[in-house]
4 protein chains.
Amino acid sequence: MTEIGIGIIGGGYMGKAHAAAYGSVGTLFDTALRPRLEMVCAASEVSAAKYQKAFGFARGTADWRVLVHDPKVEAVIIASPQDTHREIALAAFALGKPVFCEKPLGATLADSIAMTEAANASGAINMVGFNYIRTPAAQYARQLVAEGRIGDVTWFRGEHTEDFFADPALPATWRCQGMGNGTMGDLAPHMINGARALIGPITALCAQVETVHAKRGNMDVTNDDQAQFMCRFENGAQGHLFFSRIATGRKMGYAYEIHGTKGAIQFDQEDQNALHLYTMDGPEAERGFRKILTGPAHPDYLPFCQGPGHGTGYQDQIIIEAKDFLTAIATNTNIWPTFEEGLEVNRVVTAAIASSEKQTWVNVSDY
Amino acid sequence: MTEIGIGIIGGGYMGKAHAAAYGSVGTLFDTALRPRLEMVCAASEVSAAKYQKAFGFARGTADWRVLVHDPKVEAVIIASPQDTHREIALAAFALGKPVFCEKPLGATLADSIAMTEAANASGAINMVGFNYIRTPAAQYARQLVAEGRIGDVTWFRGEHTEDFFADPALPATWRCQGMGNGTMGDLAPHMINGARALIGPITALCAQVETVHAKRGNMDVTNDDQAQFMCRFENGAQGHLFFSRIATGRKMGYAYEIHGTKGAIQFDQEDQNALHLYTMDGPEAERGFRKILTGPAHPDYLPFCQGPGHGTGYQDQIIIEAKDFLTAIATNTNIWPTFEEGLEVNRVVTAAIASSEKQTWVNVSDY
Amino acid sequence: MTEIGIGIIGGGYMGKAHAAAYGSVGTLFDTALRPRLEMVCAASEVSAAKYQKAFGFARGTADWRVLVHDPKVEAVIIASPQDTHREIALAAFALGKPVFCEKPLGATLADSIAMTEAANASGAINMVGFNYIRTPAAQYARQLVAEGRIGDVTWFRGEHTEDFFADPALPATWRCQGMGNGTMGDLAPHMINGARALIGPITALCAQVETVHAKRGNMDVTNDDQAQFMCRFENGAQGHLFFSRIATGRKMGYAYEIHGTKGAIQFDQEDQNALHLYTMDGPEAERGFRKILTGPAHPDYLPFCQGPGHGTGYQDQIIIEAKDFLTAIATNTNIWPTFEEGLEVNRVVTAAIASSEKQTWVNVSDY
Amino acid sequence: MTEIGIGIIGGGYMGKAHAAAYGSVGTLFDTALRPRLEMVCAASEVSAAKYQKAFGFARGTADWRVLVHDPKVEAVIIASPQDTHREIALAAFALGKPVFCEKPLGATLADSIAMTEAANASGAINMVGFNYIRTPAAQYARQLVAEGRIGDVTWFRGEHTEDFFADPALPATWRCQGMGNGTMGDLAPHMINGARALIGPITALCAQVETVHAKRGNMDVTNDDQAQFMCRFENGAQGHLFFSRIATGRKMGYAYEIHGTKGAIQFDQEDQNALHLYTMDGPEAERGFRKILTGPAHPDYLPFCQGPGHGTGYQDQIIIEAKDFLTAIATNTNIWPTFEEGLEVNRVVTAAIASSEKQTWVNVSDY
């Protein structure tokens, strides 16, 4: 088996998640390439040394350029702050190296455009970290919709809701500044990606974006606490998306329901191993939403467990991402979601913010 | 105990429900007035005779005027088609008789205004049949919100979804013609009433109303299959309401969730005996939505059963309405929801339809 | 329509429930006989007068013999304490009058035997009040099993659990004395009846019956707080039943699950309008328990509501009983569950208590 | 950080799971020892080479003695068939090496006794692979019970149910032969361990063990398809355990409910990230089972994810086991569950089989 040197930029939450994923992905999945944790980049030499040791990397650095240019780093994972994504990605693509970038892709729409153009120009493998669409349940839901199992989709409702800022007494943090750290910037991309994956492109929308708690302690909150938009999908379906970081009681409310002319689907990430499917088959008296537990019959489940219902978790989503990224590199064929998807998600976010400011419907393609 | 003669106009679905309710309400509740099923009015003499016998009325008639003017009919229940509501109600109020009117109040906003003015001018007891807000769970939810148990409300999401027209192959019926029979006319009033009861007045909204299946067989469908609106409540909360008769898999999807600064509430009429409450009390590790089963500790439950969790059903909501109507008459004091509420709900419906046509936000008070 | 005079003995919880049921059953269902609330019997003249008025009876009495012998009382409902059941029933059967008796049938096995013999000898209509097996969901579950939809049954687990005595600090009441008021006497009959209805006769069992809190205040508790037994059904299936009045958190835990060679069923009375069905049909990836909401496609639902998912409640079970009792009388044909069923349930209770004392398996037919 | 060489015996399902776990445990948790995948042992040289490569081990062997005696193998994981456990463990303990053994500990009670004696005599670290009791939810449930949050336990019901043999038409496999591969041998140990962990020792029981489908194709099935026992715990609580491999619809039905004098707990592994807690705190009207989603406030969750509700899965349980094993070695202090626990579980299994044969209650300590 061929090894591949992995470089991860960012030693925080997501950097650690990716490091752990690359530590076991080669054992769980039958990947063509076996990852080697080559180098980690962190904000300082001290923290780089700390993460190198803690995560099991061969080397550490405080300079992402060193990592990107190191010949033994053959694939780059960007898990650093949003405003660094563009520069790093462009440098890696200039060297023809594969890049996996955490969401959101760019800090601005312009960044996302530049990054996508660079990716496409380089021909290098590129991928964006929309992990929730990778669960066995989400992949299977996507397949059911694509195969017409629920007929023509007439309605999609999605949300990404958490409650980490629900208590108005909580002090402000860095998350309270900058559109990229608000609900639209931080949470919305996941569900917009989900909506696009399941239903297709969003063509028009009308949004309402708001800061509910404008002050935390003495500090102003300058980004949004909750946001919603009504929308129209390219295939004609109507929809609604909602995002909140003040959704009291919701911990990981990445949830959706889809109505079709032959069936319906419901999903909630808080019970990520269950998918609820309703179909119009059989006698009326026997119809109901069935709670399908993920198992070996569903995508990317078997490598984690032979038995159905035993369940996968958050970290397993990152492992599936790692598997897909390694497969894309090994086969030199991009696997969805690429930077193009990250860009389109960013476009919807941009359109929604504009719609809210204008208090009117907008066409997404105008952004 | 004093008896009161009840006259019911309409022998269909709701007429029967009210007749049955008045047959047992006096036994279940300790009502000051004991109802006597005096007269039923139906579309023809034949059907009037049929309903008189089937429902146990003393007399039947095919002329609502006869019923309204009969001296032994001391309270009038209007359960006939929407376009008859106004004329009947006005006649009853002219005689000073109490009127219970099924929702929606008037077939048009003008009708609702006229009916409410007549009700107020007469000083007679008046009530509208929003039954879903009468369940023990709904009443308790209202109480929790009113008492500040979940703090300041920041978000409300409501829906009234059913799937009786989900299959595009179903032939058209009378329900496919006339705005009053579409989703906005037929289903929306319940949840708009619910939203107002729980959160308060809706001041502005932006709606999207649509006919998804424009043809059924050879017949045109001229009213809406599904509709949604984003809104702002008077207390500042943001909201979203959705209504559908093509919500595949949903049978009685009168459901809502409310986020507050101290807690949250979730409810779904499909499991009407459970209310889900989350509060920020106690240690983080022990927090979660608790599934409260209705019981004697909740409003209007005990008369149905001494034990908690034994449950009430659809017909019991109608019985609670009957109890409230009798109580209002006995005490000569209106009990919410009166015609005023029916009018305000109608105003929101009218504003939403206008908003959808204009593709813009509207102020409800402009309608 | 022919009227029938109803006499109810007992003005308490169940007496009221039956009185209310007879007040609306004729309207909700198309019964051949229309009930007339003729006479109620209570413990004293004062309470008889109170219940007569409160429940809408024509007359009241403190002497059950007066009620039974009154010629205008054409059907007798026994809702008085257990130890009165035998004498009343025998008197009524001697007059050839139909009798509906609340569960448990007799205070002792001997009583149940005598009552059943009298019923059979008289040829009069007889019925026992096992209300939980009357819900649309329970009736449908029974039908599914009977039709082989889940194949051969291999396992049945049932429970009837409540928590009204869960707190050891609660003072003793009359419920703490007498086997008939303990868990085996009061709660077990419902689920034993359910098990028999769904699976068939229980042939052998091994039980454990216990008083967990032997003292409440200064008073001894002389009956059981919880009990369980393992059993074998006549059809070969294995089973387990559990009963408790100290099942903290459970309010109406009449619940069961059934495993068959082709499917499975789960039900919990706390969500009485849902039945969970799993079948081995279709692709593995789509299998799961489906939550079927009761509706017009299920037994005895339509008279309560035209729409599925709108739900029935506790009081509606009593109404269905009333309908069945009236139908049995009108057609002069017994409808299950008759006194025979009450007797067989009593036999299982007796066998279980004996098994627990002996600490061994017993054959039910030996009791 | 000090490295430790890991040797895994068995390349199948569990061997792979452990190999993957040791690949990421050092990154996810801050373990004192960093594992190095030193050697894997499989049934043949060919398969050893295959697993060495697939799982990322330095070396492979077909002889477990080579692995156990290799000086670079500093800790031994036994994931080979049950009848090999004893010999391997004894050899490792003879060298003073730490041993992690998959459940069930020994193929027989005698094996388990011998293994536990050897473990204790050697003073080496020893642990048994009861993974389900390691989830954040299970650990937290254990803590709640231990701290008296639900008061004195009065009832425990547990089950481990799956449906992999529910279809009688499925052909026999090796799983249909040998008590160790039946329900009591294969599934029961997990839930017996769970019951002991949550409530304490089981002192007496009465069991019913049965082969439901005695033939599969032409082959006899010689072990049990389902089994149950009633029991008494040392602390006085009553209980019931059920195990089945023919529990149609159940995929990972490791589930329990616990009643206490102050609260109750419900858990089902099919939704492993939720724990349901009921307490008698607060007003009656607000009481209900609360669905607690696991998060950083619960044991061993935070290393997998910073956000609550994001969830852990099956593989994460194995990682937590690896963390505990490494911690035990590093601190030279055994961490529960040790071989003693494996032995006690085996004793309960043995007692249950004897009880079923004798058709009587037995004392566990007699076995």
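**Exercises on helix packing and chain symmetry**

In this predicted model, α4(D) and α5(D) are roughly parallel to each other (an angle under 35 degrees). Local features need pLDDT of at least 70, and side-chain atom pairs count only at pLDDT 80 or more. Residues are numbered from 1 along each chain, and chains are lettered from A in the order in which they are written.

**Exercise 1.** Describe how α4 and α5 of chain D pack.

*Solution.* Step 1: α4 (residues 82-94) and α5 (residues 109-122) of chain D meet at an angle of about 10 degrees, and their axes lie 9 Å apart. Step 2: the contact (heavy atoms within 4.5 Å) involves residues of α4(D), including His85(D) and Phe93(D), and residues of α5(D), among them Ala110(D) and Ser122(D). Step 3: the contact residues comprise eight nonpolar, two polar and two charged.

**Exercise 2.** Characterise helix α5 of chain B.

*Solution.* Step 1: the 14 residues of α5(B) span 20 Å from first to last C-alpha, close to the 20 Å expected at 1.5 Å a residue. Step 2: the buried residues (under 20% relative accessible area) include Leu109(B), Met115(B) and Ala119(B). Step 3: their cover includes α4, β5, β6 and α9 of chain B.

**Exercise 3.** Determine how chain C relates to chain A.

Definitions and conventions
Heavy atoms only, no water. Axes fitted to C-alpha atoms, helices over the stretch in contact; angles between N-to-C directions. Helix = DSSP H or I, 4+ residues; strand = E, 2+ residues; numbered from the N terminus. Parallel < 35°, antiparallel > 145°, perpendicular 65-115°, else oblique. Nonpolar A, V, L, I, M, F, W, Y, C, P; charged D, E, K, R; others polar. Least-squares fit on C-alpha atoms with pLDDT ≥ 70 in both. Expected span 1.5 Å × (residues − 1). Buried < 20%, exposed > 50% of the residue type's maximum accessible area, 1.4 Å probe, protein only.
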